[in-house]
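The reader is asked to keep the sequence and the structure in view while following the text.

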Amino acid sequence: MPDWTDLVSQALSALLGTVVGGAITVFVARWQTAKTINAQTQLAAEQHAASVQLARAERERENSAVAAKQLLERLADLYAWLPSLPDVSLENPRLSEHARARCSEAMESVRRGMFTELFSITDAEMRERYRELVRLAYDAGWRGAGGQRPDRLVRDVRNYLRYVQISLGSVIDGKPLPVHEEPPVLDRDSPAVWTPSSSSAIWRDPADRS
């Protein structure tokens, strides 16, 4: 009888070991499967988030480029009529009534761009450069800043306008902006024309043939 009891005990022990071992194996397999699924789910979520972020960044870049092109068109009109900038607030313009009116219209167009297309440009530094240009134009045209040296005034604003144009071109091309430049102080005493600190030929005003 004891032999039979030992045999049954051994059989039960073996069976129990098999059952426990099988349960552990199933548990581990399920745990590994769940871990793999969770990892794959997280990876898929991260990839989706990255894809969404990339798509958003691309849309923002495209919107910025479109806005920059529209702003360049506004600046082109102002560039063409800059010689009449000192005449805007004068009763008797140096050049002509027609040129003064067109310059005033171009200034207003550039100012409107500050409240329309400029909002689509994500680069804060680019937005600030454009606003500085608007401030310069209105200080010169309506406040009469720098009016004692009208020729220098026109070239000051023209050079800064060129700087802003080139900066907008960088936005269109998706390139880093040119280095930051402090805008000219229009009421300064110096007769020297303001130019960016960079000596690169891209800053030179084509109208000066320099």
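In this predicted model, R152 and D156 stand four residues apart in helix 4, so about one helical turn separates them. An α-helix has 3.6 residues a turn, so residues three or four places apart point the same way. The side chains of R152 and D156 meet in a salt bridge, with 3.4 Å from N to O. Are these two residues buried or exposed? R152 has a relative accessible area of 5%, under the 20% limit, and therefore counts as buried. D156 is buried as well, with a value of 0%.

D156 also takes part in a salt bridge with R188, at 2.8 Å from N to O. This pair joins distant parts of the chain, since D156 belongs to helix 4 and R188 to the segment after helix 4, 32 residues apart.

**Salt bridges**

The structure holds 14 salt bridges. Another of them is formed by the side chains of R143 and D187, at 3.5 Å from N to O. Here too the pair links distant parts of the chain: R143 lies in the loop between helix 3 (124–141) and helix 4, D187 lies in the segment after helix 4, and the two are 44 residues apart. R143 has a relative accessibility of 53% and therefore counts as exposed, the limit being over 50%. D187, at 46%, is partly exposed. R143 and D187 belong to a network of salt bridges that also links E132, R135 and D139.

| Salt bridge | Distance, N to O |
|---|---|
| R152 and D156 | 3.4 Å |
| D156 and R188 | 2.8 Å |
| R143 and D187 | 3.5 Å |

**A charged residue without a salt bridge**

Which side chain of opposite charge is nearest to E181? It is R129, 8.0 Å away. A salt bridge requires a nitrogen and an oxygen within 4 Å, and E181, although buried, has none. The side chain of E181 does make a polar contact, at 2.9 Å, with the side chain of S197. In the chain, E181 is placed in the segment after helix 4 (150–173).

**Aromatic rings**

How many aromatic pairs does the structure hold? There are two. One is formed by Y160 and Y163, whose ring centres are 5.4 Å apart and whose planes are tilted at 55 degrees to each other. Both tyrosines lie in helix 4, three residues apart, which is about one turn of the helix. Y160 is buried, with a relative accessible area of 1%, and Y163 is buried with a value of 0%.

Y160 also pairs with W194, again in a tilted arrangement, with 5.6 Å from centre to centre and 55 degrees between the planes. This pair links distant parts of the chain: Y160 is in helix 4, whereas W194 is in the segment after helix 4, 34 residues apart. W194 has a relative accessible area of 12%, and because buried means under 20%, W194 counts as buried. Through these ring pairs, Y160, Y163 and W194 are linked into a cluster.

A further ring, that of Y79, has a charge over it: the charged end of R158 sits 5.8 Å from the ring centre.

**Helix 2 and the chain as a whole**

Helix 2 (residues 97–113) has 17 residues.

The chain contains four helices and zero strands. Read from the N terminus, the order of its elements is α-α-α-α. Of the 210 residues in the chain, 34% are buried.

Methods. Residues are numbered from 1 along each chain as its sequence is written. This is a predicted model: local features need pLDDT of at least 70, side-chain atom pairs count only at pLDDT 80 or more; totals for chains, interfaces and linings use all residues. Side-chain values use heavy atoms; hydrogens and water are left out. Buried means under 20% relative accessible area, exposed over 50%, partly exposed in between (1.4 Å probe, protein chains only). Lys and Arg count as positive and Asp and Glu as negative; His and the chain ends are not counted. A polar contact is a pair of N or O atoms within 3.5 Å; within protein, one must be able to donate a hydrogen and the other to accept it, and residues adjacent in sequence count only if both atoms are side-chain atoms. The expected span of a helix is 1.5 Å times one less than its number of residues. Rings of Phe, Tyr and Trp (its six-membered ring) pair if their centres lie within 6.5 Å; planes under 30 degrees apart count as stacked, over 60 as edge-to-face and the rest as tilted. A charge sits over a ring if NZ of Lys or CZ of Arg is within 6 Å of the ring centre and within 35 degrees of the ring normal.
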